[in-house]
Amino acid sequence: MQSWPAPKLPVVPGVPVPLRLYDSATRTVKPTEPEDVATLYVCGITPYDATHLGHAATYLAFDLVQRVWRDNRFDVHYVQNATDIDDPLLERAERDGVDWQELAASQIQLFREDMEALRVLPPRDYIGAVEAMPEIIRAVKQLMESGAAYRIDVPDADGELHADVYYDVRSTDAFGYESGYDRGTMLRLFAERGGDPDRPGKRDALDALLWRMERPGEPAWDSPMGPGRPGWHIECAAIAGNRLGYTIDLQGGGSDLIYPHHECSAAHAEALSGRPPFARHYTHAGMIGLDGEKMSKSRGNLVFVSQLRREGVDPMAIRLALLSRHYREDRFWTAATLDEAVERLARWRAAAQRFGFDTTEVVAKLRSALGNDLDTVKAIKVVDQWAQNSSLGGAQVAAAVDALLGIRLV
Ligand code: 5CA
Ligand code: ZN
């Protein structure tokens with residue numbers, strides 16, 4: 001699919017600071033260590049109810065990763081998917097009486113426009129599950145052939161046999177290292193987040209669906225397994241692995257993807273390559289909430305980027321508001337968060353116009369804050385102090401704020 005246009009990225013003078021980042025698998029902040037090409041995969045939207053502020057916050061966190069890596073002169077290969085075929089999308093299309101493909105296409109287009117407005121650097125490859133179907137099918141076939149996958153061979157509760165294909169979590173010893181969760185937690189989250197622990201005929205309750213055989217009225221694609229459609233986790237394993245290789249620098253998404261999604265996509269990828277770990281870093285952004293609850297499509301407590309834009313809110317203020325707390329923290333969106341960002345942006349913009357003494361110290365401090373697990377709270381403080389000091393010039397800091405925080409001041 002088409003990605004979206006890239007904003008200009010100024011080169012910042014001075015010495016870049018390498019990126020240290022929290023890794024969910026080891027539960028530590030550790031250095032990122034890309035080779036020449038830094039490889040980044042971030043889980044994209046399921047295209048309905050896009051783009052709410054939770055989505056935006058997550059993509060902004062990984063946008064900072066790309067910006068810090070680019071500052072460190074790495075060539076960044078960034079891949080993002082769009083889950084443009086899955087149960088929740090079909091359910092929403094059905095509920096609203098619209099064609100699922102049209103729903104997906106229109107929401108993906110809205111997402112592109114929101115990302116461009118927020119000055120998010122685009123992925124090099126923006127890939128829909130539907131367009132990736134041949135490679136997803138190849139991956140499932142390979143897992144069947146290697147014995148890591150099996151077919152259900154008992155009838156469902158309705159008495160019908162659907163020979164769906166599942167990944168066997170017991171095919172390796174490694175399953176569980178990414179989240180580190182105990183089995184009870186895994187079972188609970190699996191049931192909450194699209195899994196089917198009680199499906200009859202599974203070898204293990206935690207086995208995840210790889211290929212769902214065609215049901216009447218559902219879209220289906222031909223495959224060696226028979227006509228059907230893919231499970232969720234294999235989509236990301238195949239799309240990432242085929243473009244970035246099966247050892248990537250960073251697998252990213254919101255913390256709601258730690259389990260089962262990233263655990264299972266890592267397990268699928270490792271079964272395909274025979275070479276763990278799939279990612280050197282698994283990094284997760286905290287959840288944005290509204291009115292005391294996580295912002296989610298199922299709860300419907302959503303604030304949309306496009307709605308704020310229509311109301312005339314400057315996208316740079318939305319960006320600054322979402323960066324005003326640390327990316328890993330769960331946090332609530334409030335009117336005050338936005339008001340504060342609007343005021344701060346005005347102060348920074350005024351300061352950017354100043355002629356004065358250009359110091360490299362502000363930029364150095366900004367870099368060191370971001371290099372330390374994307375500490376935007378500290379980074380914003382550094383820029384606030386610069387804005388208050390009327391003897392300091394504007395041009396150099398404005399360029400650094402643009403390149404590193406993605407906020408355009410001039
Ligand atoms: N298509 C899958 C990933 S392959 C998916 O989870 N789609 S999504 O539309 O539900 O979410 C898109 C991204 O936004 C994911 O990385 C998810 O973790 C993140 N996300 C969803 N809700 C929130 C929220 N309230 N706060 C922060 N991030 C969120
Ligand atoms: Zn994903």
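1. Let's start at ligand 1: one of its nitrogen atoms has a backbone N or O atom of Met 295 2.8 Å away. That is a polar contact, meaning a pair of N or O atoms within 3.5 Å; within protein, one must be able to donate a hydrogen and the other to accept it, and residues adjacent in sequence count only if both atoms are side-chain atoms. Ile 288 also uses a backbone N or O atom, 2.9 Å from a nitrogen atom of the ligand. Asp 256 uses its side chain instead, with an N or O atom 2.5 Å from an oxygen atom of ligand 1.

2. How much of ligand 1 does the protein cover? On its own the ligand has 600 Å² of accessible area, and the protein covers 95% of it (Shrake-Rupley method, 1.4 Å probe).

3. A word on the model before going on. It is a predicted one, where local features need pLDDT of at least 70 and side-chain atom pairs count only at 80 or more, while totals for chains, interfaces and linings use all residues. Residues are numbered from 1 along each chain as its sequence is written, chains are lettered from A and ligands numbered from 1 in the order written, and side-chain values use heavy atoms, leaving out hydrogens and water.

4. Back to the shell of ligand 1. There are 24 residues around the ligand, and Thr 58, Thr 83, Asp 256, Met 295 and Lys 297 come nearest (a residue is near if one of its heavy atoms lies within 4 Å). Helix α1 gives the largest share, 4 residues (helices are DSSP runs of H or I, at least four residues, and strands runs of E, at least two, numbered from the N terminus).

5. Now look at the zinc ion (ligand 2). Its protein donors are Cys 43 (SG), Cys 236 (SG) and His 261 (NE2), at 2.1 to 2.3 Å (donors are N, O and S atoms within 2.8 Å of the metal, or 3.2 Å for Na, K and Ca). The two cysteines sit 193 residues apart, Cys 43 in the loop between β3 and α1 and Cys 236 in helix α6.

6. Are these cysteines buried or exposed? Cys 43 counts as buried because its relative accessibility is 6%, and Cys 236 counts as buried at 1% (buried is under 20% relative accessible area, exposed over 50%, partly exposed in between, with a 1.4 Å probe and protein chains only).

7. Last, Ser 3, in the segment before β1. Ser 3 is buried at 15%, and a polar atom of its side chain lies 2.9 Å from the backbone oxygen of Pro 123.
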